[in-house]
Amino acid sequence: MSETILREADNKVFVEGTVSEINFEIKEIDGKEAIMGDIVIQLDDDSICTVDIFSYKFKKDGNENTIFKGLSTVMNEYKSIAKFGKEEADKVRISGAKLIVNDYYNNAGVLKSDIKIQTNFINRMKQGEELNPKAEFEVELFIHKINDEIDKNNELTGNKIISGLVPVYDGKIVPMDFIVKDPELVQGIESLYEPGQTIKLYGDVNISITTTKTIVPVAIGKPKEIINTITTRELIVTGGSEPYAEDDANTFNIETIKNAMAVRNEFLEELKNKKDTPRGSKISSVPNSGKKLPF
């Protein structure tokens, strides 16, 4: 293939549920007015989906941005569970979202690449429309690694982790990990997929919040109650395409992928240098327990 610039991968997320919170604000960014923040969509009692938004008020040509106007309507008119209760809260459908990656170094100097959902369009469902709560994705990717999942006790879970590289805008590339839990799908992946292939994966965005309470006895007085909240963020694979053929025009070229990875590594090095990273800190990685490419 003669591809020299990576095309942007097909990257879609579909969300449907009840508005739990609207955390929008209007700020000045680089001298320009913009709306930013996130909307929290409740899927069921334990699962939510947080979707990020951002838009400048005016386009480059000086005309008002209709995206800004639409998101302002969400901020000012949509009803959330937090403010109006579940019965009055609006139901929404989001079909123009995509997965993005937010790279940063934490206080310990460890690289974090958090996967988020971003959209410009949020549609309020009409009264009487049937609600089908979901948060689903379909994403094209280049397979970088396929590993066995290892838990915090360093034991195999039986799940597989597909570490994908997803081309985004301007020829850039970002990493995303997809977890395969279904035993039949795990077997299929072992026989069908290899690093270096281009595929499309389908699945569920799982963001669940689990709260536990522990009562700690004390010598005198009222026992102390400790509340621990754990948030799980996963991209769970429910299906996948056949690997794209080598001569398919949509197949990502390995040399172009390597070049994009080199550019990304330069960006991460610059990001690291901007932060006062403590000595001896290490960048986190998925355990090397399976098949991978040498880059």
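Trainee: Why does Phe54 count as partly exposed?

Mentor: This is a predicted model, and in it Phe54 has 30% relative accessibility. Buried means under 20% and exposed over 50%, so at 30% Phe54 counts as partly exposed.

Trainee: What makes the pair of Phe54 and Tyr56 edge-to-face?

Mentor: Their ring centres are 5.1 Å apart, within the 6.5 Å needed to pair. Their planes stand at 85 degrees, and over 60 counts as edge-to-face, so that's the label. Tyr56 also has the charged end of Lys32 over its ring, 4.2 Å from the centre.

Trainee: And why is the pair of Phe137 and Phe178 called tilted?

Mentor: The centres are 5.5 Å apart, but the planes make 50 degrees. Stacked needs under 30 and edge-to-face over 60, so 50 degrees leaves tilted. Both residues are buried, and the pair links strand β7, which holds Phe137, with strand β9, which holds Phe178, 41 residues apart.

Trainee: How do you know that the end-to-end distance of helix α4 agrees with its 21 residues?

Mentor: At 1.5 Å a residue, α4 (residues 254-274) should span 30 Å, and its end C-alpha atoms are 30 Å apart, so the two agree.

Trainee: Which residues of α4 are buried, and what puts them on the same side?

Mentor: They're Thr256, Ile257, Ala260, Met261, Arg264 and Leu268. Their arc around the axis is only 135 degrees, so they sit on the same side of α4. What covers them includes β7 and β9, while the face turned away carries exposed residues, among them Asn259 and Glu266.

How values were computed:
Residues are numbered from 1 along each chain as its sequence is written. This is a predicted model: local features need pLDDT of at least 70, side-chain atom pairs count only at pLDDT 80 or more; totals for chains, interfaces and linings use all residues. Side-chain values use heavy atoms; hydrogens and water are left out. Rings of Phe, Tyr and Trp (its six-membered ring) pair if their centres lie within 6.5 Å; planes under 30 degrees apart count as stacked, over 60 as edge-to-face and the rest as tilted. Buried means under 20% relative accessible area, exposed over 50%, partly exposed in between (1.4 Å probe, protein chains only). Helices (H or I, at least four residues) and strands (E, at least two) are DSSP runs, numbered from the N terminus. A charge sits over a ring if NZ of Lys or CZ of Arg is within 6 Å of the ring centre and within 35 degrees of the ring normal. The expected span of a helix is 1.5 Å times one less than its number of residues. The arc is that of the directions from the helix axis to the C-beta atoms. Contact means heavy atoms within 4.5 Å.
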